[in-house]
2 protein chains.
Amino acid sequence: MLPKGLLHPDMSHNLGIFSKLTEQAACFGTEPYHLKHLIRQPQRFSDFSLKTKELFLDFSRQRVDADVLQDLIILAKETEACQSFSDMAAGRIVNTTEKRAALHTGARNFFNNTIELKIGNMDVSPEISRVNNEIKNFSSAIHQGTIKGSTGKAFTHAVVIGIGGSYLGCEFAFKALKQSIDPKINIHFLPNVDIDNFNSVIKIINPETCLWIVISKSYTTTETMANLAQAQLFLKTHGLSPKNHLVTVTAQGSPGDDPSNPVLAAFHMFDFIGGRFSVTSAVGGLPLSLAFGFDNFERFLKGCHNMDTHALTAPEPKNIPLMAALISIWNTFFLNYPAQAIIPYSSGLSKLAPHVQQLSMESLGKHASTDGRFLTRPGGTIIFGEPGTNAQHSFFQLAHQGQAFPMEFIGVINPAYGGECAKSKGVNNHQELWANMIAQTLALAIGKEDEAPAKSFTGNRPSSLILINDLSPENLGNLLSFYEAKTVFEGFILGINPFDQFGVELGKVLASDIRKEIQLKNKSMDHGFDHLDDTRKFYLKTLFKGSLE
Amino acid sequence: MLPKGLLHPDMSHNLGIFSKLTEQAACFGTEPYHLKHLIRQPQRFSDFSLKTKELFLDFSRQRVDADVLQDLIILAKETEACQSFSDMAAGRIVNTTEKRAALHTGARNFFNNTIELKIGNMDVSPEISRVNNEIKNFSSAIHQGTIKGSTGKAFTHAVVIGIGGSYLGCEFAFKALKQSIDPKINIHFLPNVDIDNFNSVIKIINPETCLWIVISKSYTTTETMANLAQAQLFLKTHGLSPKNHLVTVTAQGSPGDDPSNPVLAAFHMFDFIGGRFSVTSAVGGLPLSLAFGFDNFERFLKGCHNMDTHALTAPEPKNIPLMAALISIWNTFFLNYPAQAIIPYSSGLSKLAPHVQQLSMESLGKHASTDGRFLTRPGGTIIFGEPGTNAQHSFFQLAHQGQAFPMEFIGVINPAYGGECAKSKGVNNHQELWANMIAQTLALAIGKEDEAPAKSFTGNRPSSLILINDLSPENLGNLLSFYEAKTVFEGFILGINPFDQFGVELGKVLASDIRKEIQLKNKSMDHGFDHLDDTRKFYLKTLFKGSLE
């Protein structure tokens, strides 16, 4: 039985700390608690920042003081967040609604044997190692050209067919790593069932040298199966065989793992690793190893493991993802901010926000508790973001003078570019980037008075700043694991199961009903839609008519 | 003197309608006003949707009824929104804080002469035509190979150096149009001062066949000047001359328009068209004409002009962008939703949300009125989005079961792909896409009861659905102009000047101070940062040390 979290309807055991935090939040609406004062307190910067060797978190410009932090830590202790995290990493059933373990940390636990990796009596480490070895051997054979396409040519491109958790994390890591490592195999993504996604992909690949990687745990995901059908048609049209051009990443025994279904190779994924936490399983492992070599994927895993170990072992006040989770909860449920922005000051991290958007919103955007009761209010918050400085010229106007929301900046100390740098205004581009990043976090906090309202800034807008040394596989791994750990800590503290996603089911059911109507029309053009409500009728008629007129 | 808008502190003249709308909003919190009931009312779909030949807007699943719409229309009349729009299109000074016209509609007004295009006594049409003719001739000469690079090779690629309004709209249009039109010149974007943005671009271009397009009205934008310096160094390193490889889009007389500064060509932009409204000026015109030919750019302008004409002439209840603006205001300021999502069910529209994010948040995210008073509350709302069905597998969990927010779906009736289609589950990919789009808008509205909270859906989540026939230049133009008109209508009704952006100034000032510190350190490594506050000191020391340790 998991402890009851902050949003649980019978949260009587932690009512004390809830009331106290609520009172404190009210104080933070008053002038003495404005960030321009808070950040001037002695030791503010050093007392409100944490670091490991690989990752630094500065929350000194968040609207918290020592008392709030202390009470947030009590909240974490009362909800047994660290115990739940340990249970998770030890393979216990923390995904209570689906009765599964959530062992993404196990996917990168082969650097030492300090953590047990048993689910019930089954030791899962050998299975994880087996799949990683298969990925290592397969990607090496592709790189050496011992595995080739139907027409005897070595592979140069791969298309990942997968959506949501089978796509966003891998895309984030691929785009970041290719800043500093030239891909041996270039990776393209085909998540969307929109045929124009397929249309874009086929314009840039050579059919003979392209490998298709189909990623779906159940091998029944509608979009993925539709794109697989389209890819098979494409291979056939070009006289190429699926058994030379198609690989699958799927659960053991799924239709994608059926030996009578000819594919080049099938790599297993496990029911104890969920989609949005699966970047370090074969879901990310195969594409990233094909792109950058298995050794670089292993470095990425090593980075994740470093942060996992920190999250598992650091005491609450020094635990970086836990403290970030508590601040996120404070901002959302006590200061009542409706959204959070993620602004990486790094082009290589351009897909970080979409990945964390899924990770956080799909994990926490729920109205039911782990024990199946309605929460006192729904969990989660809106996550959005674009890289800085681009975002400064896009939506920062509203961030400074409109509705306030907390922002998380990510700085990369060393860029990937190693060539000659021009100077403009006496500084190089990377220095200009940092001048802006530092300036924004201060401007948001401090504000500026001016007689003219249009030129005044109320300030008091909270932000954090995260630093990593560079976009190396290890440091990206640290960053990925930080966000994974932060998200699950939030779930544990709020009393939400971060590993299920029942909220996507209703849309699937209604889509299925509409699909049936389209099937009938495809079979017989005599099938009409007049028995349907006006909305369905209009859209289906328009789809078949092909025109608004 | 512009009329006072909804958020103006002395909005006494429209207090009546404000109170009435506030009372109505309270009703909408009660069960009879749940969307599952509203959408079953007779004629709901036909009474709550509008169309032109090119664009359809369905707001039947918004939380409004006939009374609310009527009162919103009164609000539009009282704030003289349509009059302000006419004033804008006639070249009057609607950008009151900067004392400028806002004549983006003039950039596509050469299809008829019904609208006067005078700013004061100056007729601006000849200037707009002159620049368009220059773009036509220049792009044609590039395509024919009569203008070539330094080494005598024809151009194949162009890099746009520009940020914010000099980039996002053009990127949106480029990515959408290339679904159906193969670019003659491939366009890449270099907005970010991050050197890794430059790093990515130079990996994919051939220096000898690449044209660099520098876009900045003032020719002083920090990021753009830094990237220009980097591009000039790159040209020099490759022995190529700026006068053969560099063109500018800038204001007449700016440093980028200086004949002593050797560039291949300079195209003028005007102070009466602001950055985020500039896609149809030379800012979008030059890159899009290079990519797709001037004829296709002209088709795009024609589409914009169609929607401009509709926005100018349709009476309030039939005016599509006005009604969309009113519903946005209702959702934000009466129903108090904190954000709006934009979900195009079209991969080609993948950059629509980032463009509209800037357009809306930078135009409306302000706390001052057009006449320089503090508003009763800040304007604007958070805009974010990703294409569907991708977003269904990312953040729709929260959209269905977390904090509610209005969503705007965009459907494209005909995909660009014209090849053979596979079928999966009896439907093709485009049909599956539409089944999902229709299902989502209904699921959000209706919800579903279930004894288990985790499987129940509260519904009552508002959405609109916009349709266009395809991604042709004309239809994209209609869509672009729809969002421009919607945004300016919102500004006029709220009492906000949608054309300035003073909220970005403080960050620039603080960045400049930090840049000076970096300059001093670059000049002399003896320069220390110990005189600075802890935040600046830490980040600047870390930047120069190059490591967290």
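1. Start with a helix on a sheet. Helix H13 (residues 320-334) of chain A lies across E1, E2 and strand E10 (339-345) of chain A. Its direction is about 30° to E2(A). Axes here are lines fitted to C-alpha atoms, for helices over the stretch in contact, and angles run from 0 to 180 degrees between N-to-C directions. Helices (H or I, at least four residues) and strands (E, at least two) are DSSP runs, numbered from the N terminus.

2. A word on the source. This is a predicted model, in which local features need pLDDT of at least 70, side-chain atom pairs count only at pLDDT 80 or more, and totals for chains, interfaces and linings use all residues. Residues are numbered from 1 along each chain as its sequence is written, while chains are lettered from A and ligands numbered from 1 in the order in which they are written.

3. The open sheet has six strands in the order E1-E2-E13-E12-E10-E11 (chain A), with mixed pairing. Two strands pair if DSSP finds at least two bridges between them. Strand E1 (49-51) and strand E11 (382-384) of chain A are the edge strands, and each pairs on one side only. On average, neighbouring strands are turned by 15° against each other, direction ignored. Strand E2 (residues 55-58) and strand E13 (residues 463-468) of chain A run antiparallel and are joined by four bridges. Leu57(A) has Ile466(A) as its bridge partner in E13(A).

4. Asn336(A) sits in the loop between H13 and E10 of chain A. Its phi is near 60°, a positive value in a residue other than glycine. Is Asn336(A) buried or exposed? Asn336(A) is exposed, with 9 other C-beta atoms within 10 Å. The cut-offs: a residue is buried if 20 or more other C-beta atoms lie within 10 Å of its own, exposed if 12 or fewer, and partly exposed in between, with C-beta atoms placed from the backbone.

5. Lys99(A) also deserves a check. It is not a glycine, yet it has a positive phi of about 50°. Lys99(A) lies in the loop between helix H5 (81-89) and strand E3 (118-119) of chain A. Lys99(A) is exposed, with 8 other C-beta atoms within 10 Å.

6. Check the peptide bonds too. The bond from Gly388(A) to Thr389(A) is cis, with omega near 5°. Thr389(A) is in the loop between E11 and helix H15 (396-401) of chain A. In chain B, the bond from Gly388(B) to Thr389(B) is cis, with omega near 5°.

7. Strand E7 (residues 210-215) of chain A is largely enclosed by the rest of the structure, because six of its six residues are buried. Cys210(A), Trp212(A) and Val214(A) point one way from E7(A), while Leu211(A), Ile213(A) and Ile215(A) point the other way. Strand E5 (residues 157-161) of chain A runs parallel to E7(A), joined by five bridges. His157(A) has Cys210(A) as its bridge partner. Strand E8 (residues 246-251) of chain A is also parallel to E7(A), with four bridges. There, Ile213(A) is the partner of Val247(A).

8. Turn to chain B. An open sheet of five strands has the order E6-E5-E7-E8-E9 (chain B), with parallel pairing. Strand E6 (186-190) and strand E9 (265-269) of chain B stand at the edges with a single partner strand each, so one side of each is left without a neighbour in the sheet. Helix H8 (residues 195-204) of chain B lies across strand E5 (157-161) and E6 of chain B, at about 160° to E6(B).

9. Helix H11 (residues 282-292) of chain A is mostly covered, with eleven of its eleven residues buried. Among them are Leu286(A), Pro287(A) and Phe292(A). Gly293(A) follows H11(A) and has a positive phi, near 90°.

10. Last, the chains together. How many residues of chain A are in contact with chain B? There are 126, and they touch 127 residues of chain B. Contact means that C-beta atoms, placed from the backbone, lie within 7 Å. Helix H16 (residues 429-446) of chain A gives the most to this side of chain A, with 13 residues. The copies meet through the same surface, because 100% of the interface residues of chain A are also interface residues in chain B.

Conventions
Contact = placed C-beta atoms within 7 Å.
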